[in-house]
Amino acid sequence: MKTRGRPPKNTGPPRYVNRLRELRQRLGLSQQEVAVQAGISAAYYGALERGDKRINADTAQRLHAPLRCGVSDLLAGTRGVSVPLRLAVAAAEADGRPDDFDLPEPHEMLHLGRVGKPEDCFAAEIFDDSADVDFAPGTVLFLRPLTGHEPLHAGARVVARFLLDTQGERRTHEILYGVLDQNILGDLVLITRTRNRRIPRHALIQPSALPRSGLAETRQSEFSHERTILYHQGPADPAEILGLVVYAMGPIGADAG
């Protein structure tokens with residue numbers, strides 16, 4: 001039976017654990033006072049303190065002075081590398097995604113030791129349900145860009161930008177996360193990890209350069225999930241691989257693991 005009044009509070013664990021409440025109460029400040037000093041809204045600060053929203057490096061820069069702490073104290077560690085948050089992962093028709101898939105680069109803190117050469121990484125935030133089998137919206141994926149003619153392997157987790165030709169220009173149609181694979185015809189495809197049936201299960205990244213005639217019969221035995229894939233982006237490819245997923249930070253999808 002529904003009751004009137006305020007909705008019940010979320011009593012589950014916070015999505016993003018932080019020390020904001022501890023630091024604020026130590027100084028005897030209210031949420032409103034901290035928010036005013038930091039130049040953010042009280043509602044936004046409240047969401048940060050509850051752990052509903054993530055503290056990125058830009059927000060930590062605003063909060064560390066009123067809370068009299070170091071930026072690293074708000075980013076849950078003293079050793080890390082600031083990684084640019086460059087991309088929005090979302091399907092073309094996603095509700096609530098940014099107008100531009102290329103973000104204005106606030107920064108996230110990736111801790112040393114999580115991955116090799118973290119200074120070479122960049123980050124992408126998932127804005128919708130296009131990866132909900134593995135990751136919930138709000139998850140940040142840390143990506144390592146490909147280098148030259150780097151060999152890839154079937155099953156690698158990647159983020160790819162899908163392009164659309166409009167009025168003689170190529171623009172971003174959507175950016176999706178998924179698993180790299182190669183079909184029986186030799187096409188390079190992204191297997192999306194979503195329950196959303198409006199998003200294709202297999203999204204074409206690069207068509208095979210081999211002739212189609214007789215390919216299924218003559219080359220079928222060469223395809224396996226242990227194979228190496230040689231990838232080099234072509235100018236007419238319908239998509240480009242932006243990077244390999246090396247680490248994820250944030251809420252995990254119910255079926256992940």
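This is a predicted model: local features need pLDDT of at least 70, side-chain atom pairs count only at pLDDT 80 or more; totals for chains, interfaces and linings use all residues.
1. The largest nonpolar core has 19 residues. Within this core, Phe 162, Leu 180, Ile 205 and Ile 241 touch the most other members. At least two core residues come from each of these strands: E6 (157–166), E7 (169–182), E8 (188–192), E9 (202–206) and E11 (239–249).

2. Phe 162 deserves a separate look.

3. Strand E4 covers residues 140–144, and four of its five residues are buried, so the strand is largely enclosed by the rest of the structure.

4. E4 pairs with strand E3 (residues 122–126) in the antiparallel sense, over four bridges. In this pairing, Val 140 of E4 stands opposite Glu 125.

5. E4 is also joined to E11, by five bridges, and these two strands run antiparallel. Here Leu 141 has Ala 248 of E11 as its bridge partner. E11 is also among the strands that supply at least two residues of the core in point 1.

6. Asn 56 lies in the loop between helix H3 (42–50) and helix H4 (57–63). Is this residue buried or exposed? Asn 56 is buried because its relative accessible area is 13%, and buried means under 20%. Its side chain reaches the backbone nitrogen of Thr 59 at 2.8 Å.

Note on methods: Residues are numbered from 1 along each chain as its sequence is written. Side-chain values use heavy atoms; hydrogens and water are left out. A nonpolar core is a set of buried Ala, Val, Leu, Ile, Met, Phe, Trp, Tyr and Cys residues joined through side-chain atoms within 4.5 Å. Buried means under 20% relative accessible area, exposed over 50%, partly exposed in between (1.4 Å probe, protein chains only). A polar contact is a pair of N or O atoms within 3.5 Å; within protein, one must be able to donate a hydrogen and the other to accept it, and residues adjacent in sequence count only if both atoms are side-chain atoms. Two strands pair if DSSP finds at least two bridges between them.
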